[in-house]
Amino acid sequence: MGTCLADLYYPEVGLAGMQLLRREGLDVIYPKKQTCCGQPAFNSGYRKEALPVARSLMKCFKKNIPIIIPSGSCAGMIKYHWSELFSEEPDYKQAISVSNRVFELTEFLVDNLQIKLTDLGKPTKIAIHTSCSCRNEMRVADRIESLTSQLSNVDVSIQERKKECCGFGGTFAIKQADISGAMVKDKTDAIKATNADKVISQDCGCLMNIGGALSKQQSQITSQHIAEFLWERTNESS
Amino acid sequence: MNNSKDNILNNLLKHSIENKPSKIVDKESHKPLSNKKKIESLKSILESVRAEVHLLKYNGLNDWINSELSKRNLSRVLIGDSSIQRNLGLTFSDDLDVSYYSDSIESWKDKLFNDIDVGITTTIGAIARTGSLVLWPNSEEPRLISLVPDVHIAVVKVDEIYETFSEVIEKQNWSENMPTNALLISGPSKTADIEQVLAYGVHGPKELIVLIAS
Amino acid sequence: MSQVNLFTRRINKALSNNQLQTSFRSAMSYLMEKRLSRFPDYEKLQLSRNKSNSIRANSVSNLGDLLLTLESNLTKNGIKVHWAENATQANEIIHSILNNANAKTVVKGKSMVSEEIELNEYLVDNGIDILETDLGEFLIQLDDDRPSHIVMPAIHKNKFEIARTFSDNFPDLKYTEDVDEMTQQARIVLRDKFSHADAGISGVNFAVAETGTLCLVENEGNGRMCTTVPNLHIAVTGIEKVVEKLENIPPLFDILPKSATGQECTTYFNMISGPRKDNEKDGPKEVHLVLLDNGRSRVSRDSSINEILNCIRCGSCINHCPVYVKLGGHAYGTVYPGPVGIVFESLIQGLDKAGALTSACTMCGACAQVCPVKIPLPKLINRLRNESIEGLGSDSVLGKGSMKKPLEAGIWKGWRFIYSNPLVCLLFVKTMTRMRLFVPTNIGKWSKYRNTPKPGKRSIEDIARIAGFTNE
């Protein structure tokens, strides 16, 4: 799955994820008709709108094979919240079948594939931001470290209050824009204090938030999704 | 008023809830603490919250209490009654002004609040894992002895140190027979309400002295 | 002004208050660290949480029966039980008990329920002198202020403000900014009040049905003073605080102080099972318990939301909330702030009165991770958002659908049209990528704090096919 956010703004992330999996010998399918897991509407209280959207996505993944998603937030929605969304629906069982086959990308790379990485990139210092959904829902917070620790030219610095939410929260960033702004400022202050070159995350939403704020503050620190970061640094033709 | 009770209960009882949660069996099993470890745990936790702890022989209580009260200028002493005093083997020296809590609080409240330096009580046990003393105040040892005076001296029998609160409740069969007031005391009174800075001696005793007697 | 606008006003005030930002950041970090130090073993913590959850869920599922047992045993012990459906009834009951005993001066321990019913204001209006004795609440009362946290009510005050409060109210006392000295001053002032008050009022942490026992947790000693010195003690509690058996108490007393303030246990644990017996020499001669409903019975009927009643008021969810730390307690405008406040207040008051609070959450889940009784707070907040708009739930939820907004609903309908139709979606994404240079990146307030990228040059669908990935 690509995620609706990556489809619009970060397509390289979707591609990088697929390329990493293909390189490990997997046959990777990208269903054309995929749309969105329904989370934006679900979290905003619009379950009646979320349901048909989620249903449309569900239809793309009928095959009994793992579904890999480069986002803890989308993976979490399908894995843990589709049961509530579809609870009174006739296709509840199909929804659960999809829920049970969902993996977040770094989770799959580390736990299922035990991926081995060789760092071909230049020395760099990074800060890692684990999304709240990766940490608290999918419980895969440390998979990103398992991957970056294999990269010999990458130094990881740890920012203050690493576990604290960056303030994205999907539509929260629009509905409570000022609180979100205050939260992302705390997050970017903490990251800037580490002197990292780049901040890496498993979730594009957090990246759009943190990266966008860093850019607005005219910081030199860039932001990148872990999938893209890994692919660039370990792919020979990069 | 009966109407209110009925209204509330009707709201609650007529809608029975389908999913009663299953009881969780207590899987907690660990090697019980030795007596030595129990004493150590009790002492160290109490000391970490600024209680003073001393290990004494039962027949050494008298000397310790008399000499320390004198040294610390805690001359106005309150104890439950003469039977408690006898049980602790105490003969108070003449320079101490000893009061027994023999009358109801109404008749001598001002003196209790203003003219007593230290209250001495027994305990019915202590809890090693939480650093707590267990008290069941009663007619011989009323509640306020361990609350009002600035200093509280509590005597714990070494063979009455339990490991956990659950153990106390079970072994002493509390559910059959609760007293008017049962207390766990785990240190001198304190607060962190001002900028989270810990300050001792708020409304309860400023000092807690625990004498573990064997 | 609508509840949303009022909330926005309070939010803006909080966000621009630098002192608030500093105090809360420091206090919450401190409390989180202290709590963590008490739970070094993850597995053991989960066992404790499961146990506490099971005890509390049992209470909530059996409230009717347990309250009857509680009343029966309390009555056998000599404690008089009163039932109050709402705040007005509770206040009237308490007032009448005080009147019957000719009690004009009251000392009070900390009780969130008493804040909920606005007891102090009611009694003062009726000529009763009521004094808060918990140090934090005492300071709040002197300043005519409101608590900003359910466990540490004066967390928003710094020591200079407190020093000024003391010297303004007690001009005879020496001015000091030293915390120990201020504490001693409070001790002196309040001691006199304890010894002369006609009545003491307290809350209840747990009410044990099996033995008819009221359990109170505290550090300062003021709770024991209020419930032991005066001749009359009135305890007031929400009906959900009942616990079935005495053996349920140690696990709850174990996890509560650790979760709340990172303490091994509180200085005092006070278990009251009756008034002064004939041969006893102190303790109140009359003890009353007021059981407050105020919407709790309505909430308890719906098992999809009644988990909020498991709450043991530890404040841990509040301490870990990344939104609360930016807003402080007052911004919520309710007695209970933070995650527990969002759910509890929305349910008790109704979504039409407090539903705006449901927007103050990023769904980060930090609260659910730490709740000692495993209340699924983000799930409940999400559910309440849904109820505030679509309103299809049970009659346990008040104010359903009261926050529907036609424009917003229209936008989501549009979104649904695009994203539930794969061909429309493909066309939409294609258009966005082809027209990317014309897609606005200035999106209202979002852009106040961030730069937004332009859409990608191609969709994933496009680049995936180029890279040789198949559709099926």
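User: Which residues does C:Thr228 touch, not counting residues up to four places away in sequence?

Analyst: C:Thr228 touches B:Arg143, B:Leu144, B:Leu147, C:Asp282 and C:Gly283. Two residues are in contact if their C-beta atoms, placed from the backbone, lie within 7 Å. Keep in mind that this is a predicted model, where local features need pLDDT of at least 70 and side-chain atom pairs count only at pLDDT 80 or more, while totals for chains, interfaces and linings use all residues. Residues are numbered from 1 along each chain as its sequence is written, and chains are lettered from A and ligands numbered from 1 in the order in which they are written.

User: Why does C:Thr228 count as buried?

Analyst: C:Thr228 has 26 C-beta neighbours inside 10 Å. The rule wants 20 or more other C-beta atoms within 10 Å for buried (12 or fewer is exposed, in between is partly exposed), so C:Thr228 counts as buried.

User: Where does C:Thr228 sit, and how far is it from C:Phe194 in space?

Analyst: C:Thr228 is in helix α11 (residues 222-228) of chain C. Helices are DSSP runs (H or I, at least four residues), as are strands (E, at least two), numbered from the N terminus. C:Phe194 is 34 residues away from C:Thr228 in sequence, but their C-alpha atoms are 9.5 Å apart.

User: What makes α11(A) roughly parallel to α1(C)?

Analyst: Helix α11 (residues 177-192) of chain A and α1(C) pack at about 25°, with axes 10 Å apart. Angles under 35 degrees count as roughly parallel (over 145 is roughly antiparallel, 65 to 115 roughly perpendicular, the rest oblique), so α11(A) is roughly parallel to α1(C). The axes are lines fitted to C-alpha atoms over the stretch in contact, and angles run from 0 to 180 degrees between N-to-C directions.

User: Which residues make that contact of α11(A) with α1(C), and how many are nonpolar?

Analyst: A:Asp178, A:Ile179 and A:Ala182 come from α11(A), and C:Ile11, C:Asn12 and C:Leu15 from α1(C). That gives four nonpolar, one polar and one charged residues. Ala, Val, Leu, Ile, Met, Phe, Trp, Tyr, Cys and Pro count as nonpolar, Asp, Glu, Lys and Arg as charged, and the others, Gly among them, as polar.

User: How many residues does each chain bring to the whole contact of chain C with chain A?

Analyst: It takes 52 residues from chain C and 56 residues from chain A. The chain C side divides into 26 nonpolar, 15 polar and eleven charged residues.

User: Which chains have the most contacts, and how far apart are the nearest C-alpha atoms of chain A and chain B?

Analyst: Among the two pairs of chains that touch, B and C have the most contacts. Chain A and chain B do not touch, and their nearest C-alpha atoms are 17 Å apart.

User: How is chain A divided into domains, and which element gives the most to the side of domain 1 that touches domain 2?

Analyst: The assignment gives domain 1 (4-111) and domain 2 (117-234) of chain A; such bounds come from an automatic or database domain assignment. Their C-alpha centres are 22 Å apart. Here 27 residues of domain 1 of chain A are in contact with 23 residues of domain 2 of chain A. On the domain 1 side, α2(A) gives the most, with six residues.
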